[in-house]
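Please keep the structure in view while reading.

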Amino acid sequence: MAGRRDTELVPGGTAARLDPSYGQLVGREEELAEVHARLRDPGGPRLVVVRGERGVGRSAFVRGLGQRLRGEGGAVVVRVGCAAGDAERSLLLALRVVRVLGGSRGGAEAGCGRGGARFDAEALAAVEAEDAVAMGRVLVAAAAAGPGGGRKPAAGAPGAPGRTGRAGPTVVVIEDAHHADADSLGLLGRLGGHGLLPPEVRLLVTAVERGVVPDADADADAGNGFGAAVGNGPGDRLPVERLVDAWPAYPLVLRRLGEAEVTEMVAGRLQATPQPDLVRRVHRLGRGVPAAVEALLTGWVREGAIRVADGHAFLSVRVPVPLLPYDHPLVAELRALGEPYGTVAGALSILWQLGRAAPARMAAVTGLPAEEIRAALRALGRAGIVEELTGPEQPDDPGAPSDGDRGVRGWTFRLPLVEHTVRERLGPLERARLSAAAVSELWGEGGAGTGMADGTRTPGLLPEAADVIYEADRIADAGVLVDRRGAVEELVRAADLLLPDTDEPGTLRYLRAALDLIEDPGTREHVLLRYAKAAYAAGDYPRARATGEEILRDPADSLSDDLRQDVALLLVASTAASEDWAQLSRMTSAHWWRDLPLPPTAALTGRALALCGLERWGEALEVLLRTESLWRTGTREQWNPEWFRVCAEWVLGRPERFRQLLSTPYGADMTPDSMYALSMAAADQLLGVRDLSGAERLLEFRGLSKEWLPPYTRFLWRHLRGSWDEALADARWMLANRQAYNPAPSHHLLPARTAAMLLARGRVTSARRLLDSARTLREGPLELFLDHAEAEVLRALGEPREAERMLRRGLVVAGERGHAYGADELWALLAELHAEAGRFAEAAEAVTRLEELLERTGGERTRLLWLSTSAVVAAAADAGGPDLVRERLAAAVELARARAQPFETAVVLVSAARAGAGHEELLYEAYDLFGGVGAALWRFHTRTAMREAGLPVPDRRQVTAENERLLATLITEGLSNRRIASVLRLSEDAVANRLTRLLNRTGLRSRTEVATAVLTGAYRLAVH
């Protein structure tokens, strides 16, 4: 399994691939079983008609059915295909049926007996003479002879008698019978209706389920050529219906797939668990039509837009929807129709949201008569391309016509993917003119301003339309063809309503369109800054950086000092987020800022942020203190340098001003986005030191809901709350989409804490690879959190000396820079490692350094670490007396429970129990807490502690299953028996015995098969 890299959790993930071997018919098992049983039943229907819209999987269904029938033996399955244009050639289908039954051109399936040539010649003569009677006689004879020209199949071959002595059915599959000629279908109907075909011959017919329109409309259209163009004139579908009426028939309509079935299909094709956002987007665009789902997956995979991380598939942010190829069945029918249907469909792709006002606007732009457009819409409906929207009329319906559209509110495409393809293939001028017509309809006589700002619905739009997006899209496409001022106002308003906008680039598109329309330099500069901020919020850091540089090249005079400060900060932040550490290092120099058109406060603030981004906190604090008289202006410009100063002091172990700022109201001149950004930065820092209650108090004080948390902050919060499955889902999404950046000092928290969760679940190698991928050889933020996480991995692998080296490396760097933030975790773990090695003097020294940090910072997490670690070291060294140990352990347990962080509490409980503060209550409580977060490895060690303490472990069957699952996980991680023994703290012989029992229990034969079963999800089935 070493070749599979899509199971790794690393930045960018890996490009998804479509599994060519996956051919499962998702969501069709019930229908397959039903039709299979009816065809095998001697008294079953002689005709099965499988209907469904284009792309629903009719052909795949009959292929799967044919394979099932052949696989059981005793059945012969032969296939006849119909194609566009066949309807014009009388008796062509009958000729093909004769050939597959008589064996002349039936291929390997049909055989090639002596009678085949005779049947072929007679059938050709009947076709040339258009003699249905003669063709009927040939059909009956060929069917009686059976495939192979009357030659009896060999025993055991398809069609041979089974054990009952009775031959199985001969199933003639007629695909796409809606293209077949009426004479052939009528002939087959008469033959079947009169019982002239042998009873073992069954017909399996597939046909498109077309749109249904009233008979009066079909009759009206027949005279003007529209019905004939789509094969839907007075005789359309009647031959297939007569065939159904004549034979004992079983009709089946294949439905679209539901969202759960789409999920199964996507998972099978990608061989990865699709994330809900990917499934929702596929289902929304494809509406459960398998061909549309397949087209979306193929297009996105070809472009590398689907990324796989840790066995989960994600759709990259800001990727366009792929277009259907020109020859794809879902759009081929529209191309075959020709004009004016293509023109009408293209106009509808822009204007359908206008409802019954659309035809008039389409007529005005295309020059086609309105009635011709309506007739074309009905014809497109019968072709299954569009569908009518019916229901109660809207009170603001703009001029509903009184003619033939009874109860019709409008028309829309059956599949959004087809609509998207048609719209995107319009020429730019055509698209602009149609969009301008839509804007004119929406704005009416009153011009721009349609009520979007207060959340009310845009007048004139159908309820099915997304009003904010639709109006803005049309304005963006119309460009200079609509009023510039009104267009800019609406585009900016729509962009603000969509923030934050990370999945689809609506905000950036609308602001870019607004910039193209703005003529005033000052106004354009303000919108350009909003565009840069929106790009940064969406994670498009290169675009944000380039836009910031564009503004600074020639800033408008109307750009105020505080906004110029925003530009400077945006430029630094986007450089850091792009991980261009060399450029960020240059930005720490005052010389770099000297020639830029910025006020002194803005340049100073930008320089300070660059120093903070590289975690040169001491230098940043020195610069800010030296220039305080310059930036302390009492205006909004003061907030950012004040925040950087507070952060620097906090990281360097002086938290007083930080805590005071958390409860200080923001100034009245602070913008909402600045308040939000500062609040989230403060929350990240609190969550970084595991102060969950502090972060929650901050959010409450600032009036922010947890639903407003950005992904990084939400990840940190879920991790501490014990919602590990959700936290890992956040981590996968951010890593797969390269959206995992967070400013220092929280820069490395995501990989570090994700690795800690992976390690706790036994995924040792995955944790180490993630940590390796997060490190950089270039200048960048400190790696203290990575050092701590990797030391835990090394400790688990039985390499304590390497773990100590890793911790000391981090502590040396922290000491050189006076860095207190996160150093407590390193000192606590180092003390434990020394104590485990019996080096109690060194352990005591580490505890002393931890206590010094506690005195400097007063942090609650630091206090918990000191209480627990000092007690564990004292108990191991037999120093300080049992009363001191019990007192500190009791205080640690009480504090951990009060902090209400499940994993942290469980770790403290186990430490307390092992150090002698009681056993039963603490170990059982820890055991349940570890189970709640899925920490399988810690739960395993807790069971070991229970046995050592003579305590019974509950639920022996569950314990066996958990042990085997953990062992399978470690094997999948590529660990040798020796490594597994180190992780589980067992002997190699014990591991070998456990592996033997696992293989015997599951029926798997090797470590490779175990790993494959885990990676593919088959392990659970093997166990059961």
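Contact here means heavy atoms within 4.5 Å. This is a predicted model, in which local features need pLDDT of at least 70, side-chain atom pairs count only at pLDDT 80 or more, and totals for chains, interfaces and linings use all residues. Residues are numbered from 1 along each chain as its sequence is written, and side-chain values use heavy atoms, with hydrogens and water left out.

Leaving aside neighbours within four places in sequence, L662 is in contact with A682, L686, L698, F701 and R702. The C-alpha atoms of L662 and A682 are 7.7 Å apart, although 20 residues separate the two in sequence. L662 has a relative accessible area of 17% and is therefore buried (under 20%; exposed is over 50% and partly exposed in between, with a 1.4 Å probe and protein chains only).

Aromatic rings are considered next. Rings of Phe, Tyr and Trp (its six-membered ring) pair if their centres lie within 6.5 Å; planes under 30 degrees apart count as stacked, over 60 as edge-to-face and the rest as tilted. The whole structure holds twelve aromatic pairs. One of them, Y541 with Y741, is edge-to-face, at 6.1 Å centre to centre and 70 degrees between the planes. Y541 is buried because its relative accessible area is 10%, and Y741 is likewise buried at 13%. The rings of W724 and F903 have centres 5.0 Å apart and planes at 45 degrees, so this pair is tilted. W724 is buried at 2%, whereas F903 is partly exposed at 21%.
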